[in-house]
Amino acid sequence: MDLLNALVALLNYVVIPATAYGAQLALGALGVTLVFGILRFSNFAHADVMAFGTMVVIGVTALFQSWGISFGILPTALLALPFGCLATIALVLGTDRVVYRFYRRVKAAPVMLMIVSIGVAFVMNGVVRMFVGTEDRTFSDGARFLISARDFKAATGLDEALSLKTTQAVTVVTAVIVVAALFWFLNRTRTGKSMRAYSDNEDLALLSGINPEHVVRVTWVIVAILATVAGTLYGLDKSFKPFTYFQILLPMFAAAIVGGFGSPLGAIVGGFTIAYAEILFTYAFKKVAGYVLPEALQPDGLAQLLSTDYKFAVSFAILVIVLLFRPNGLFGGKSA
């Protein structure tokens, strides 16, 4: 029974949260890696695009709730998600037309576009804060748990309880659907193949008759959808606060670089790698050790490698190690 309790504790505090967080990071990292692979610059405004899309979803969700519209046990935000995607698509296409297109035409260096994206991020962050403020906002409704701790204990008789939040299950299922749709689009459609060809060799793609502006527009549309979905899922699972989204930019870039910049599959693997690393390094193993170790060997302290305050330091350390020893990432993407 002690081993089962230890396993349940790990599932409850490590595996389930890390899987949900990894799915959110993977979707965010996919947007980052698509911009880098196709548009060839590091988009530091991506987290604020996520925040903008989530802000719109929150507004539409509140409107639906005022009309008495809900989604049963699922969050109403899922019904508002298409509206957030449309608003974010308009935002990124407008930003590209007003800002980024000029630098593409003059063939500015990638570092220049990166610096410009930082300025865009500040503007977007200010707009989001102006509309929703700086406080935490919770917008999840419906059933809170699919598996509650009380029901699990009653059903199993274990001392340790397992709980599964609805938002965690929704995150994983939604991420699987979105990633499957993205890979189908990139591998099965003519536009998707054009995007891959443009990413692999821009000059050869242009000689083949591929319209670069069409590729750019489709890329921004996909990035906007990924950003809105990722931001909404993150906000549902945790809470919405504009500055928090800026903070997760580091884990998203770390995920993209670990997998290999420009590699969609690498972004997914990198997202889960970063998520599990952050949670494993900051989880207090004292409870698990109490179940599996003899009393004489049980730790006096929390048995925690790092405080949760240093969660993002784990991402930074992994990022530095990968850049030093394998800059092309695990899946051999473009060098970071």
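Glu-213 is partly exposed, at 29% relative accessible area (buried means under 20%, exposed over 50%, partly exposed in between; 1.4 Å probe, protein chains only). The model is predicted; local features need pLDDT of at least 70, side-chain atom pairs count only at pLDDT 80 or more, and totals for chains, interfaces and linings use all residues. Residues are numbered from 1 along each chain as its sequence is written, and side-chain values use heavy atoms, leaving out hydrogens and water.

Glu-213 forms a salt bridge with Arg-104 (3.6 Å, N to O); the term denotes a side-chain nitrogen of Lys or Arg within 4 Å of a carboxyl oxygen of Asp or Glu. Glu-213 lies in helix H9 and Arg-104 in helix H3 (residues 77-105), so the bridge ties together parts 109 residues apart in sequence. Helices (H or I, at least four residues) and strands (E, at least two) are DSSP runs, numbered from the N terminus. Arg-104 is partly exposed, at 21%. Shared partners join Asp-96, Arg-104 and Glu-213 into one salt-bridge network. The count of salt bridges is 6.

The largest nonpolar core has 87 residues. Such a core is a set of buried Ala, Val, Leu, Ile, Met, Phe, Trp, Tyr and Cys residues joined through side-chain atoms within 4.5 Å. Leu-27, Tyr-100 and Trp-220 are among the residues with the most contacts inside this core. Helix H9 (residues 212-237) gives the most to it, with 14 residues. Trp-220 touches residues including Asp-96, Tyr-100 and Arg-104, not counting those up to four places away in sequence; contact means heavy atoms within 4.5 Å.
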